[in-house]
Amino acid sequence: MPSPNSCASTTDQPSDTVLAHQPLAVALAGMVALAVAMGIGRFAFTPLLPMMLHDGVLTLAQGSWLATANYVGYLVGALGCMALPWVAPRARQVWHAARLARVGLAATVLLTLGMALPVASAWPALRFAAGVASALVFLNVSVWCMLRLVALGKPALGGLIFCGPGLGIVLSGLSASAMVAWGWPAAAGWSVFGVLSVALCVAIWPVLQGHAVPPSAAKAAQGGGPALPGQGPLARTGLTLAYGLAGLGYIVTATFLPVIARAALPVGSAWPDLFWPLFGAGVAMGAALTTRTPAAWDRRWLLLAAYALQAMAIVFTLVWPGTVGFALGSLLLGLPFTAITFYALQEARRVWPAAGDSFPGLLTAAYGVGQIVGPPMVAWMLQHSATQSQGFVYGLAVAAAALALGAGLYAAMVWRWPLSAR
């Protein structure tokens, strides 16, 4: 991602729309775009999975593979975004971030509606394509909005963008809970979410237009200079590995939380349908808090704390598998969820300022690899465990260990390359 420190001023005209020059409109548009692409396009599957299981249209193992197909698509989309500036640098001027984001949003709408069709053989392809679309939207909206806000002199509003996934999760989770209460089938849920996505996309379409900054200014922002401590290949590798571990660390709970809770709590309890929206509320709250983080704070310490908090959340669900434990685990898992992404993107700019969009794409690809490992790992553990609950315990333990390892990598980077050495 280009370094924002040298971006053009608000007198430049990167976009033809008035709304694109209003910082709050830019931040809210980014928030809504991520709510559609991530909160609905990707994560609506989590609250709808129990409904699909109840309808008998798939098994838990098949649901795991559908989740994996989505994560593979996310990885492919991230790799494509990473490679585009290098493979086709001129095409990037035409297919700039806002245009690619709108393509991804349109695809998300169509693919979400497609899941309502009673054609189970097409679902893996639809979930794979939805993963590609969500990566396209996530990376390009993040890049466009964050650079645009810097150009408008309001970089702190960038944290609001990452409230989007949490708000989308709350919306999809509460909606799915209501649909369960009304006895609706999962196909109706996919249809409702598709129509809702259309309405949200229409609202933000006028904002996501044009270049975030003039191409000449973006190129100047990538200017070179001597490497500083913590900007070499080892630091980049450490950040990539640590961010990939975050993908594995959260995905087990994020995919199977409603199923785990429904199996652990008494039949008829209303709580299993509320844990996922609680996770989403935590995501939105945590993202909002990032707007208050002082710019001088070392992002690696913040990332370490966020990983530790997510690991603690998983431990709560393991040692306290009841209503209170699941509620605390859901909230604490969500609080640092998109804060991790926000801080990692900021650290990526510091570690490799000349990489343009490619390094954030690489980080997102590593995150995608971590996500891909999670669901089939749990499916294997379920198959080779005496009980379903035992398989989930093993999966959650591995996830917590991955987060602890990621936190250790950040601690090592802070020790090896302290910011004071700059």
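Rings of Phe, Tyr and Trp (its six-membered ring) count as an aromatic pair if their centres lie within 6.5 Å, and the planes are called stacked under 30 degrees apart, edge-to-face over 60 and tilted for the rest. By this rule the count comes to 18 aromatic pairs. This is a predicted model, in which local features need pLDDT of at least 70 and side-chain atom pairs count only at pLDDT 80 or more, while totals for chains, interfaces and linings use all residues. Residues are numbered from 1 along each chain as its sequence is written, and side-chain values use heavy atoms, with hydrogens and water left out.

F43 lies in the loop between α1 (23-40) and α2 and Y250 in helix α11, so the pair ties together parts that are 207 residues apart in sequence. Helices here are DSSP runs (H or I, at least four residues), numbered from the N terminus. Both F43 and Y250 are buried, where buried means under 20% relative accessible area with a 1.4 Å probe, protein chains only. F43 and Y250 also belong to one aromatic cluster with Y243, W276, F279, F337 and Y367.

Helix α11 (residues 233-264) also holds V259. V259 has a relative accessible area of 9% and is therefore buried. Leaving aside neighbours within four places in sequence, V259 is in contact with L49, P50, L53, L60, Q388 and F392; contact means heavy atoms within 4.5 Å. V259 and P47 are 212 residues apart in sequence, yet their C-alpha atoms are 8.9 Å apart in space.

Next comes the packing of α2. Two packed helices are described by the angle between their axes and the distance between the axes. Helix α2 (residues 45-55) packs on helix α9 (residues 186-204) at an angle of about 150 degrees, with the axes 8 Å apart. Axes are lines fitted to C-alpha atoms over the stretch in contact, and angles run from 0 to 180 degrees between N-to-C directions. The angle makes α2 roughly antiparallel to α9, since angles over 145 degrees count as roughly antiparallel, under 35 as roughly parallel, 65 to 115 as roughly perpendicular and the rest as oblique. F45, L48, M51, M52 and D55 in α2 meet A186, G189, W190 and F193 in α9.

A176, in helix α8 (residues 164-182), touches P47, L48, M51 and F193, not counting residues up to four places away in sequence. A176 counts as buried because its relative accessibility is 3%.

Definitions and conventions. Helices (H or I, at least four residues) and strands (E, at least two) are DSSP runs, numbered from the N terminus. Buried means under 20% relative accessible area, exposed over 50%, partly exposed in between (1.4 Å probe, protein chains only).
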